[in-house]
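Subject: Structure handover

Hi,

Here is the structure I promised to pass on to you.

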Amino acid sequence: MRLDVDCCIAGGGPAGMVLGWLLARAGVHVAVLEKHADFLRDFRGDTVHASTLELMHELGVLDEFLRLPHTRVDHLDFDLLGERVPGPDFRRLPTHCKFIALMPQWDFLEFVRRQASREPGFRLIQRAAVVELVRDADRVVGLNATTPDGRLEVRADLVAGADGRHSTVRELAALPRRDLGAPIDVLWMRLPRRPDDGEQVLGTLAPGRFLVMLNRGDYWQCAYLIEKGGRDRLEQRGLPALRESLVALAPFLRDRVELLTRWDDIKLLTVVVDRLERWWAPGVLCIGDAAHAMSPIGGVGINLAIQDAIAAANRLAPALRAHRVTTDDLAAVQARREPPVRRIQALQVAIQNRVIARALAGRTGAALRIARFALRHLAPLRRTMARVLAVGQLEHLTAGPPREPAGAQSAASPV
């Protein structure tokens with residue numbers, strides 16, 4: 001089967017779905033290919049930043065979006081070496097929503113799908129796995145994918161790779177990648193949350209241990225940081241040792257850690273921090289994790305991916321409507337988005353290497369003591385942290401004509 005569109009997007013995560021929505025809204029015919037049958041995957045980034053909420057405001061769907069189940073966070077605290085200190089304070093952000101929202105990623109993506117499906121030019125094709133790029137001379141002009149119904153060929157003026165840190169599009173396009181290194185991995189798990197638990201600190205850092213806990217209403221989404229490649233050593237020590245480590249950091253969990261009965265209850269995130277030296281080739285562009293995998297520190301990966309999508313839609317929508325996408329257009333997207341990516345990655349690498357890795361090795365050092373003092377006494381630092389994490393380089397939507405709020409439109413049948 002063959003399909004002809006203006007833009008084919010590989011990957012139905014936040015970057016791909018938002019890009020597809022914005023381009024379709026701007027009058028571009030878009031096909032988003034997602035290899036899975038649904039969005040239901042655990043322990044994906046669930047942090048919806050203030051910048052993304054600002055996008056929802058600009059699109060006229062913020063009220064509808066905030067009716068989805070979510071937890072609002074307007075400030076964060078940390079426990080550093082046994083002392084509780086204030087962290088980022090989002091209450092003075094230069095955005096309509098002065099908080100971040102914790103929301104299951106599948107709810108976020110389903111919301112975007114519903115909005116995008118109201119645009120006649122949008123199509124989502126699930127269970128479609130990219131296997132090959134189609135070329136005409138030195139230019140990519142489409143891709144081939146496998147589906148349950150057989151082979152699918154999609155011809156497009158642009159192929160956008162938004163298929164994550166293990167991007168097939170990036171590999172097939174042979175785009176050069178730079179690995180920045182990551183000395184940590186993360187173990188993700190869920191534990192029940194009770195009403196009398198209160199609001200715990202976001203992160204607890206002690207010599208040899210670091211635990212992050214996200215309040216998800218009726219459960220805690222927990223991230224236990226370990227040294228790179230350390231899962232095998234943990235498994236050799238056994239689950240009881242891990243449970244005791246969790247209790248040492250959060251004693252109120254003592255009556256719940258026994259629910260971790262199998263290592264299958266605990267998911268490993270192998271942390272990668274990298275970026276492409278060049279995000280594009282003629283006819284193809286990578287964005288989001290496909291262009292720059294981020295550390296989980298700060299939960300900024302989704303924020304940056306969606307900002308990439310906005311910048312790409314702003315620059316490329318007119319060119320796609322005119323069927324004149326040039327390498328200058330693609331290079332301009334990278335030029336716009338690479339500087340904030342580099343700044344955030346530099347900050348993440350510094351925190352990983354100078355604070356977290358040393359703490360996990362039992363060497364807390366002066367850096368952590370200085371951080372504890374600065375967070376306790378410097379309110380401007382906390383506000384700056386909040387802006388960097390929750391807003392970054394804010395991209396305002398310019399692509400396409402204005403739309404009325406989605407609630408005022410008649411929804412088309414889902415595709």
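This is a predicted model: local features need pLDDT of at least 70, side-chain atom pairs count only at pLDDT 80 or more; totals for chains, interfaces and linings use all residues.

Helix packing

Let me begin with helix H1, which spans residues 14-25 and packs with helix H4, residues 105-116. The angle between the two is about 15°, and their axes are 9 Å apart. Since angles under 35 degrees count as roughly parallel, H1 and H4 are therefore roughly parallel to each other. Their crossing is left-handed. On the H1 side, the contact is made by Pro 14, Met 17, Val 18 and Trp 21. H4 brings Gln 105, Phe 108, Leu 109, Val 112, Arg 113, Gln 115 and Ala 116. Sorted by class, that contact has 8 nonpolar, 2 polar and 1 charged residues.

H1 also packs with H8, where the axes come within 8 Å and cross at roughly 30°. H1 and H8 are therefore roughly parallel to each other, and the crossing is right-handed. H1 takes part through Pro 14, Ala 15, Val 18, Leu 19, Leu 22 and Leu 23. From H8 come Ile 302, Ala 305, Ile 306, Ala 309, Ile 310, Ala 312, Ala 313, Ala 317 and Leu 320. This contact has 15 nonpolar residues, with no polar and no charged ones.

H8 has a further partner in H9: their axes come within 9 Å and cross at roughly 160°. The cut-off for roughly antiparallel is over 145 degrees, and H8 and H9 are therefore roughly antiparallel to each other. H8 passes H9 in a right-handed crossing. The H8 residues in this contact are Leu 304, Gln 307, Asp 308, Ala 311, Ala 312, Arg 315, Leu 316 and Ala 319. Those of H9 are Asp 328, Asp 329, Leu 330, Ala 332, Val 333, Arg 336, Arg 337, Val 341 and Ile 344. By class they divide into 10 nonpolar, 1 polar and 6 charged.

A buried aspartate

Next, have a look at Asp 197, in the loop between strand S15 (184-192) and strand S16 (203-206). Its relative accessibility is 9%, so Asp 197 counts as buried. What does its side chain make a polar contact with? The partner is the side chain of Arg 256, at 2.7 Å. Setting aside neighbours within four places in sequence, Asp 197 is in contact with Pro 192, Trp 220, Phe 252 and Arg 256.

Backbone and exposure

For Ala 137, phi is near 60°. Ala 137 sits in the loop between strand S10 (129-136) and strand S11 (139-147), and at 72% relative accessibility it counts as exposed. For His 323, phi is about 55°. His 323 is found in the loop between helix H8 (301-321) and helix H9 (327-360), the pair described above as roughly antiparallel.

Finally, Ala 248 belongs to helix H7, residues 239-249. With 48% relative accessibility, Ala 248 counts as partly exposed.

Happy browsing, and do write back with any questions.

Best wishes

Methods:
Residues are numbered from 1 along each chain as its sequence is written. Side-chain values use heavy atoms; hydrogens and water are left out. Axes are lines fitted to C-alpha atoms, for helices over the stretch in contact, and angles run from 0 to 180 degrees between N-to-C directions. Helices (H or I, at least four residues) and strands (E, at least two) are DSSP runs, numbered from the N terminus. Angles under 35 degrees count as roughly parallel, over 145 as roughly antiparallel, 65 to 115 as roughly perpendicular and the rest as oblique. A crossing is left-handed if the near helix is turned anticlockwise from the far one by less than a right angle, and right-handed if clockwise. Contact means heavy atoms within 4.5 Å. Ala, Val, Leu, Ile, Met, Phe, Trp, Tyr, Cys and Pro count as nonpolar, Asp, Glu, Lys and Arg as charged, and the others, Gly among them, as polar. Buried means under 20% relative accessible area, exposed over 50%, partly exposed in between (1.4 Å probe, protein chains only). A polar contact is a pair of N or O atoms within 3.5 Å; within protein, one must be able to donate a hydrogen and the other to accept it, and residues adjacent in sequence count only if both atoms are side-chain atoms.
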